[in-house]
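The stops below go from the interface to the annotated spans and then to single residue pairs.

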Amino acid sequence: MTTTGQPVAVELESPPPPGPAQPPPRRRFGSIRLRGTLTAAVFLAPALITFLLFKFIPMGRAIQMSFHEVRPYLGDVWVGFDNYTRLLSEAEFLTAVWQTVILAVGQTAGSLIVGIVLALLLEGSARHLWIIRTAVFLPTVVALAVVAEVWRVLYYPGEAGVINSLIGWFGLGPSEFLNSSDTSLWSVMAVGVWRGAPYDMMIILAGLAGVDRTLYEASAVDGASIRQRLWHVTLPALRPVFAILITLAAIRGLRVFTEIFLLTNGGPNGSTEVIMTLIYKLGLERSELGIAAAGSVILLLATIALTLAVQIARRGRPSRKAKR
Amino acid sequence: MSRTERFDTALGFTSSRHPVTRILRWGVYVVCIVVFAGPLLSLLINAFTPVSNPTSLTLIPDTVTFDNFTRAFDRGVLGYLLNSFFVVGFGLLAQILVSLSAAYALARKKFPGMRLVLLLILSTMMLPEEILAIPLSLVLADVPFIGVNLIGSLFGMIIPVAAWGFSILVMTEFMKEIPVELEEAARIDGAGEFRIFISVILPLCRPALGVIGIFGFVMIWDQYMLPLLVATDTAQYTLPLALRTLRSDPQVGLGVLLAAALLALLPSVIAFLAMQRQFMKGLTSGAVKG
C-alpha cells in the first residue's frame with residue numbers, strides 16, 4: 001500500500017533536476033541513497049502497482065474467500081475450513097485431481113521424450129536443419145485456441161475423420177477420440193505433447209550446444225558406441241536442462257485449462273475434468289465462489305510446493321556449479 | 001576434417017554422405033515436418049477450399065476460394081480481429097514500457113529491498129490468470145483503490161497484462177550488460193534520471209526490445225482466461241475466444257471456422273518467423289538461466 005502512495009509525490013519532485021545548472025543537493029550519503037531509492041521506486045511503481053492489483057490482491061482474496069461462504073451483496077460468512085473439507089470429500093474433485101496429475105505427468109514425460117528425440121535428430125548447424133526446426137517449432141507459437149480447433153477437426157470421430165483415415169491405413173480404428181471416455185484423456189494428452197515437444201526440443205538443443213565436444217572425442221577413442229555415448233555423455237550433461245523443463249511443464253500441467261475447455265470441456269462423463277475446469281464451473285456457473293476459491297488455494301499451494309521442491313533439489317546438488 | 005565434423009552433434013550423423021543414410025535422414029525430416037507442421041498446413045489449405053462436410057479436409061484443393069473469408073467477415077470476424085489487435089497493441093505497448101521502467105530500476109540502481117522486489121516479481125510467475133480466475137473476476141469488477149469496473153471493457157484485458165514477470169526479468173538481465181561509464185558520462189554532462197533512461201539506456205536496449213516484444217505479442221495473443229473473464233458480450237471477444245462461438249454457430253461451416261482460425265494463427269506466426277532468431281535467444285536465456 002505504501003508503494004501506491006509514494007510515487008505520485010516523487011514524480012512531482014523528480015523533474016526539476018534536468019537543468020544542467022542545478023547540482024544535486026549536498027547532504028552527503030543519506031540523501032544520495034534516499035534519492036536513489038526514490039527514483040527506483042518511481043521506475044518500479046507501474047510494475048508493482050499492476051502486480052499488486054491483479055496478482056497479489058486476487059491471491060489474498062482467494063485465501064480470504066476460501067474460508068468464507070461468499071454471498072455477493074449480503075456479506076460473507078466465516079466458515080473456517082468448511083469449503084476445504086467439502087471440496088476434498090467431493091468425488092468429483094478427487095477425480096479431477098487424479099486426471100490433472102495423469103495429464104500433467106503424461107504431457108510432461110511425453111513432451112520431454114519426444115523433445116529429446118527431435119533434438120537429437122535435428123541437431124546441427126546446417127541451414128536446412130534450421131528451417132526444419134522452425135517448421136517443427138510452429139505449434140508452440142500458435143494460439144492454444146487455434147490448436148484446439150484444428151485438433152477437433154483432425155480428431156473427428158468416424159471413418160471420414162482425418163486421423164481416423166490415417167490410422168485406417170494401418171488397419172486401426174476408427175477411434176472415437178474426444179467423444180469416448182476411454183480415449184478422451186489420451187487424446188487431449190497427445191495434443192499437449194504435440195504442442196510441448198517442440199518447445200522442449202529447442203531448450204534441449206541449447207543444452208546440447210553446451211556439451212563439451214572433447215568428451216565425445218574421448219569416448220570415441222575409448223571405443224564407445226553411439227548408444228553408449230548418448231547414455232554416458234550426452235544425457236548426463238543435459239540433466240540441469242531436464243530439471244528445468246520438468247518443473248516448467250509440471251507447473252503448466254497443474255493449471256491446464258484452455259485446451260480442455262475447448263476440446264472436451266471436461267466431458268464426456270467427466271473423463272477429462274481437471275482442477276481448473278472444475279474450479280471454473282464451480283465459480284462461474286454454479287456460483288460456489290468459496291469452494292472454487294478453496295480449489296484455487298489448493299492449486300496455488302501445490303504449485304508453490306512443486307517449485308520449492310525442485311529448487312531445494314537443485315540446490316542440494318553440488319555438481320551444478322562445477323559444470324558452469 | 002571429417003573427424004572433427006563427426007563430433008558436431010550427439011548422434012554424429014549429420015556429416016554422413018552415404019546415399020542410404022541421406023535418404024533415411026530426409027525421411028526423418030519429412031516425418032517431423034508432417035507431424036508438427038502438417039496440421040497447421042492443412043488448416044492453411046482448407047481455409048481456401050470450399051468445405052461443407054464437417055470432416056473432409058483436402059490436401060490438394062481443386063478450387064481455391066476466398067468464400068470462407070468473406071463469409072467469416074459476415075459473421076463478425078473482422079470485429080473480433082480488431083478487438084484482438086486493439087488488446088495486443090495497447091497491452092504490448094504498456095508491457096514494454098512497464099518492463100523497461102522496472103528493469104531500469106532493477107538493473108541500474110541499488111536500493112534497499114531489491115532482493116524482495118525481485119522475489120515478488122518472480123513469485124508473480126506462480127500466480128497465473130488461470131489459478132486466480134475466480135477472485136480476479138471479482139477484482140476486475142471493482143478494482144481496489146480506484147473503484148473502476150473493468151468487466152465488459154477491453155481495457156480489462158489490457159491493464160492486467162501490462163506487467164509480466166518474464167519480460168521484466170529478461171529486460172533486467174539485458175540492461176545489466178550496459179556499461180556504467182555511459183551512464184556516468186551522461187550524468188557528468190548534467191543529464192537527469194529520465195534523460196539518462198530515455199537517451200542513453202533506451203536506445204541500447206533495442207535488441208532486447210525485439211525479444212520481449214515478440215514474447216509479449218505471442219503471450220497476449222494467446223490469452224484466453226482473462227478475455228473470457230472480462231468479456232460480457234460476444235462483441236468484446238478477441239478472435240481466439242470467438243472461435244468457440246463460431247464453431248457452435250449452426251450457420252457457420254467448417255470452412256468459415258478454419259478461415260477464422262487461420263486469421264487467429266497468422267499474426268503470431270508471422271511475428272515469430274520475422275524474429276525467430278531473437279525468439280530463440282530469449283527462449284534459451286529465459287529458460288536455461290532460470
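How many residues of chain B are in contact with chain A? Select both chains: 101 residues of chain B are in contact with 100 residues of chain A, where contact means heavy atoms within 4.5 Å.

Before going on, note that this is a predicted model, in which local features need pLDDT of at least 70 and side-chain atom pairs count only at pLDDT 80 or more, while totals for chains, interfaces and linings use all residues. Residues are numbered from 1 along each chain as its sequence is written, chains are lettered from A and ligands numbered from 1 in the order in which they are written, and side-chain values use heavy atoms, with hydrogens and water left out.

**The interface**

Stay with the two chains. Together chain B and chain A bury about 9000 Å², 78% of it on carbon and sulfur atoms; buried area is the accessible area (1.4 Å probe) that two parts lose on being put together, summed over both.

Four salt bridges are counted between chain B and chain A, a salt bridge being a side-chain nitrogen of Lys or Arg within 4 Å of a carboxyl oxygen of Asp or Glu. Select B:Glu129 and A:Lys55, whose side chains meet in a salt bridge at 3.6 Å, N to O.

Next, colour helix H2 (residues 19–47) of chain B, which gives the most to the side of chain B that touches chain A, with twelve residues. Helices are DSSP runs (H or I, at least four residues), strands likewise (E, at least two), numbered from the N terminus. By class, that side of chain B has 73 nonpolar, 16 polar and twelve charged residues. Here Ala, Val, Leu, Ile, Met, Phe, Trp, Tyr, Cys and Pro count as nonpolar, Asp, Glu, Lys and Arg as charged, and the others, Gly among them, as polar.

**Annotated spans**

In an unreviewed entry, UniProt lists transmembrane regions of chain A, including residues 36–57 and 289–313; such annotations may be inferred rather than shown by experiment, and positions follow the numbering used here, with feature names shortened. Residues 36–57 of chain A are 100% helix, with end C-alpha atoms 28 Å apart. For residues 289–313 of chain A, also 100% helix, the end C-alpha atoms are 36 Å apart.

On chain B, the unreviewed UniProt entry places transmembrane regions at residues 26–48 and 196–221, among others. Residues 196–221 of chain B are 96% helix, and their end C-alpha atoms lie 33 Å apart.

**Pairs within a chain**

Which part of chain A holds A:Glu92, the partner of A:Arg286? Select A:Arg286 and A:Glu92, which form a salt bridge with the closest N and O atoms 3.2 Å apart. A:Glu92 is in helix H4 (residues 91–121) of chain A, and A:Arg286 is in the loop between helix H13 (275–285) and helix H14 (289–315), 194 residues apart.
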